[in-house]
Amino acid sequence: MTATALKVKSTPMAPYMGLMESMSREQKMVVVAFLTESLEKSAQTAQRTTAEVIREKYKNLKISPEIEQLRGCMKLTDSEMQDERTQYILDL
């Protein structure tokens, strides 16, 4: 048994290994296409979820009056101005 087959046996997919051995090549290709699409969707969802969590975290951030007064007095570099957190805090 290959290393990949051993890895599959340790997943919830293990009961389906026997079924997959009896499948035709075309049927296996359909299963592979489904798995590939589900991996792409989960990767996209994970990226969006991280960004959404950060936006949600900073959405409820309260800006103190002291920071509000400093908005016109601060000298920021270009990279600091491009930072999403800085833009949110300074309401740019």
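I started with R85, which is partly exposed at a relative accessible area of 42%. This is a predicted model, so I read every value here as computed from it.

Next I looked for a partner. R85 forms a salt bridge with D83, with N and O 3.4 Å apart. I checked D83 too: its relative accessibility is 24%, and that makes D83 partly exposed. Buried would need a value under 20%, so D83 does not count as buried.

How many salt bridges does a search of the whole structure find? I got 2.

The other pair I noted is K59 with E56, where the closest N and O atoms are 3.5 Å apart. Why do these two sit about one helical turn from each other? Both belong to helix α3, which covers residues 25-59, and they are 3 residues apart in that helix. I also looked up E56, which is partly exposed at 41% relative accessibility. A reminder to myself: side chains of opposite charge can pair when their charged atoms come close.

Then I stepped back to the whole chain. I counted 6 helices and 0 strands in the protein, and along the sequence the pattern reads α-α-α-α-α-α.

Of the 92 residues in the protein, 5% are buried. The protein exposes about 8100 Å², and 59% of that area comes from carbon and sulfur atoms.

Methods
Residues numbered from 1 in each chain as written. Predicted model: local features only at pLDDT ≥ 70, side-chain atom pairs only at ≥ 80, totals over all residues. Heavy atoms only, no water. Salt bridge = Lys/Arg side-chain N within 4 Å of Asp/Glu carboxyl O. Helix = DSSP H or I, 4+ residues; strand = E, 2+ residues; numbered from the N terminus. Buried < 20%, exposed > 50% of the residue type's maximum accessible area, 1.4 Å probe, protein only. Areas by Shrake-Rupley, 256 points an atom, 1.4 Å probe, with all protein chains shown as cover.
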